[in-house]
Amino acid sequence: MCNACMPMLNDEKPVDAFANQLMDMLNQGALSLMVSIGHRTGLFDCMSELPSATAEQIASHAGLAKRYVKEWLATMVAGGILRYEPASRHFELPENHAALLCRKSEPDNIAVFAQYIGILGQVEDRIVDCFRNGGGVAYEHYPRFHEVMAEDSGQTVLAALDEHILPLVARLEERLESGIRVLDVGCGKGRALIHMAARFPKSVFVGYDLSENALAQARQDARARGLPNVRFEVRDLTHFNSEAEAEAFDLVTAFDAIHDQAAPQNVLDGIYTTLKSGGNFLMQDIRASSELAKNLEHPVAPLLYTLSTMHCMTVSLAQGGAGLGTMWGEELAVEMLGRAGFDHVEVRQLDHDFQNNFYVMQKTRAAAA
């Protein structure tokens, strides 16, 4: 053992502090699972509608099994999320907590993100196997990931699309109103495309994604809203850089999708190729640096690196891909966009959104033959 390590190990205070940190980690991890359950079962929404109430009243109002609700309530009280009055055995969700835990609180509902913990836990055995043998975990092993991503993007993208995101591209809304062709790469359940298709009926919208299940839901939602100007295609974008699709679209968007791709540079090259001259590419991705040392003060860095290890990186590796990972970072993103042909990349940030960068580009020259 190196001498430099000895003082730390022999000093009880740092060891005690680290033990407390680990105990807090275990408690917070357990609470994350229970917050996810509170969101999925509607318990937070239910409690926000009630004054202080007993476990029986809360379970009845939520239409849930009393014994499970009682144990969940105990967890929430022990975790400091609910108030409890022992004399009356009443539970209460404080208003300032409800503001961050209920569906009516979107886009500030942090309970949505707690769902990732349970989803990632489902593939832990497969990830451990990848540590030992290499390879990756394929998309089909994440049955709820697209569902949660749709909720996530509903808060981070959809809620900000009209007021904040589309105005990042000069005159874009005016062009959409007149009628242009739009492609969304990695569209998932297509919520952003469906929203734009309804708002801009003269434009044509196309969504590509690898997940047939996600696109089936997207098609169903588009039909339900009577939108003939939007369609969805199952596409593996690994070989997207095709001359057959050259100059096909006026606008391409990619919302939190590029770093998952097996061949992200090919996808970016293909986006450049498929854009018409003067067309725009609008890309949203995680706000982070490509350098670990610059991410140490990031408020959710441990969560994002975990998401990378247990989803974003591994699904790319499962396809024999690059495995960029969630935290590929702004520096590498700008470099790869430049390689694709974008001469000028404008990196924008929104005041209310600490977790995303928005990359705004225009195709100013023809794609290389």
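1. Basis. The model is predicted, and local features need pLDDT of at least 70, side-chain atom pairs count only at pLDDT 80 or more, and totals for chains, interfaces and linings use all residues. Residues are numbered from 1 along each chain as its sequence is written, and side-chain values use heavy atoms, with hydrogens and water left out.

2. Strand β4. Helices (H or I, at least four residues) and strands (E, at least two) are DSSP runs, numbered from the N terminus. Strand β4 (residues 204–209) is largely enclosed by the rest of the structure, because 5 of its 6 residues are buried; buried means under 20% relative accessible area, exposed over 50% and partly exposed in between, with a 1.4 Å probe and protein chains only.

3. Pairing. Two strands pair if DSSP finds at least two bridges between them. Strand β3 (residues 181–185) is parallel to β4, with 5 bridges, and L183 has V206 of β4 as its bridge partner. Strand β5 (residues 230–234) also runs parallel to β4, again over 5 bridges; here D209 is partnered by V234 in β5.

4. Crossovers. A right-handed β-α-β unit is formed by β3, helix α12 (residues 191–199) and β4. Another right-handed unit consists of β4, helix α13 (residues 212–224) and β5. Right-handed denotes a clockwise path from the first strand over the helix to the second, with the strands pointing away from the viewer.

5. Helix α12. Its buried residues are A192, L193, I194, M196 and A197. The cover over these residues includes α10 (161–165), β3, β4, α13, β5 and β6 (249–255), where contact means heavy atoms within 4.5 Å.

6. Cavity. On a 1 Å grid over the protein atoms alone, a cavity is a set of points where a 1.4 Å probe fits but cannot get out, and a pocket is an open set with protein on both sides within 12 Å along at least five of seven lines; lining residues have an atom within 4 Å of a point. There is 1 cavity of 30 Å³ or more, and the largest cavity holds about 40 Å³. Its lining comprises M47, L50, P51, S52, A53, I58, F91, E92 and L93.

7. Helices α9 (145–156), α13 and α15 (301–318) each supply at least two lining residues, with the largest share, 3 residues, coming from α9.

Notes
Grid points are joined across faces, edges and corners, and a volume is the space filled by probe spheres set on the points.
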